[in-house]
Amino acid sequence: MAVLYVTPCHLPDADIPLCKSGLSMPHSSPNSMKLNFPLLAALAVTFVGSTGLTPAQETPVSETKPVKVVMETSKGTIEIELDAAKAPSTVANFVKYVKKGHYDGLIFHRVIPDFMIQGGGFTADMQQKKTDAPIQNEAANGLKNVKGSLAMARTPDPHSASSQFFINLKDNSFLDYPGQDGWGYCVFGKVTKGLEVIDQIAAVQTTSKGGHRDVPAEAVTIKSAKVSE
């Protein structure tokens, strides 16, 4: 697969920053985040051969009934409702990671006030945890990147999301489908309890660590994440 991209700087990449008004987009690739420099313009052209994408259906979920997840963090408890009806593959993927304990012990590694908090990929010493194959982008599902919504972080490749997620601290409509690259960032749930915990995380002091920016100076840990049956 060959990917040609030119993107704005500071987005929720699963490891590369894109940008809007000095913000940093939620991102997630192992090598890209280490670059940590602003990329220019908002054009993404992707040539896809074999993608290795997976529908992420190892863990069956109801396509109509919301799925509830309780996340215990070092700042308090966050309760999340996942929209399996509008983002079935993304929800199944997230639930799979939750059920196998992937998030337990990881941190919120990227905190940008008035934008988003991002987690699900790194340990406290900024080692990236191995993930399964990426999933198809379901951003065209009608769900919006509003305050308190849960979305998938990714690289400039629109179909590169795996385990990293972010929670919007404000309405970020520029992340909605079709976004600045024809795809946008897939929303698949929302915080139903614990918004005050989100605010506490958003207020922590940040620093640079291991080649990454916007890292909490004191680790904000995901102690556990569990599906609430």
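**Salt bridges and the rest**

Modeller: A search of the whole structure, which is a predicted model, turns up three salt bridges.

Colleague: Which residue forms a salt bridge with Lys96?
Modeller: Asp132 does, and the closest N and O atoms are 3.1 Å apart. The two partners sit in distant parts of the chain, 36 residues apart: Lys96 in helix H1, Asp132 in the loop between S6 and strand S7 (149-152).

Colleague: Is Lys96 buried or exposed? And what about Asp132?
Modeller: Lys96 has a relative accessible area of 7%, so Lys96 is buried. Asp132 is partly exposed, because its relative accessible area is 30%.

Colleague: What does Lys100 pair with?
Modeller: Lys100 also meets Asp132 in a salt bridge, 2.8 Å from N to O. Lys100 is partly exposed, with a relative accessible area of 47%.

Colleague: And where is the remaining one?
Modeller: Asp181 and Arg154 form a salt bridge, with the closest N and O atoms 2.6 Å apart. Asp181 lies in the loop between S8 and S9 and Arg154 in the loop between S7 and S8, so the bridge ties together parts that are 27 residues apart in sequence. Both Asp181 and Arg154 are buried.

Colleague: Which residues end up in one network?
Modeller: Lys96, Lys100 and Asp132 do, through salt bridges that share partners.

Colleague: Changing topic. How many residues are in the largest nonpolar core?
Modeller: That core has 37 residues. Met71, Leu82, Phe94, Tyr103 and Ile117 touch the most other members. Helix H1 (residues 88-99) gives the most to this core, with five residues. Apart from this core lies another, of eleven residues, including Ile112, Phe115, Phe166 and Tyr185.

Colleague: What does Ile117 touch?
Modeller: Leaving out residues up to four places away in sequence, the list is Phe108, Arg110, Val111, Phe165, Phe166, Ile167, Leu169, Ile198, Ile201 and Ala202.

Colleague: Which residues of helix H2 are buried?
Modeller: In H2 (residues 195-202) they are Val197, Ile198, Ile201 and Ala202. Looking down the axis of H2, these buried residues fall within an arc of 140°, so they line one face of the helix.

Colleague: Why would that spacing put residues on one side?
Modeller: An α-helix has 3.6 residues a turn, so residues three or four places apart point the same way.

Colleague: What covers the buried residues of H2?
Modeller: The cover includes strand S3 (67-73), strand S4 (76-82), strand S5 (108-112), strand S6 (116-119), S8 and S9.

Colleague: Since S8 came up, where does Asn168 lie?
Modeller: Asn168 lies in strand S8 (residues 165-168). Its relative accessibility is 1%, and the cut-off for buried is under 20%, so Asn168 counts as buried. The side chains of Asn168 and Asn172 are joined by a polar contact of 2.8 Å. Beyond residues up to four places away in sequence, Asn168 touches Phe115, Met116, Asn145, Val146, Lys147, Gly148, Ser149 and Leu175.

Colleague: And Cys186, where is that found?
Modeller: Cys186 is in the loop between S8 and strand S9 (187-193). Cys186 is buried, as its relative accessible area is 5%. Aside from neighbours within four places in sequence, its contacts include Ala87, Thr90, Asn137, Leu150 and Met152. The C-alpha atoms of Cys186 and Gln136 are separated by 9.7 Å, and the two are 50 residues apart along the chain.

Colleague: Last topic, confidence. What pLDDT does the chain average?
Modeller: The average is 81, and 73% of the residues score at least 70. Over residues 16-24 the pLDDT is below 50, and this stretch has 58 contacts in the model beyond near neighbours in sequence. Residues 29-60 are also below 50, with 87 such contacts.

Colleague: What should I do with coordinates where pLDDT is low?
Modeller: Where pLDDT is low, the predicted coordinates should not be read in detail.

Key:
Residues are numbered from 1 along each chain as its sequence is written. This is a predicted model: local features need pLDDT of at least 70, side-chain atom pairs count only at pLDDT 80 or more; totals for chains, interfaces and linings use all residues. Side-chain values use heavy atoms; hydrogens and water are left out. A nonpolar core is a set of buried Ala, Val, Leu, Ile, Met, Phe, Trp, Tyr and Cys residues joined through side-chain atoms within 4.5 Å. Buried means under 20% relative accessible area, exposed over 50%, partly exposed in between (1.4 Å probe, protein chains only). Helices (H or I, at least four residues) and strands (E, at least two) are DSSP runs, numbered from the N terminus. Contact means heavy atoms within 4.5 Å. A polar contact is a pair of N or O atoms within 3.5 Å; within protein, one must be able to donate a hydrogen and the other to accept it, and residues adjacent in sequence count only if both atoms are side-chain atoms. pLDDT is the predictor's confidence in each residue, from 0 to 100. The arc is that of the directions from the helix axis to the C-beta atoms. A salt bridge is a side-chain nitrogen of Lys or Arg within 4 Å of a carboxyl oxygen of Asp or Glu.
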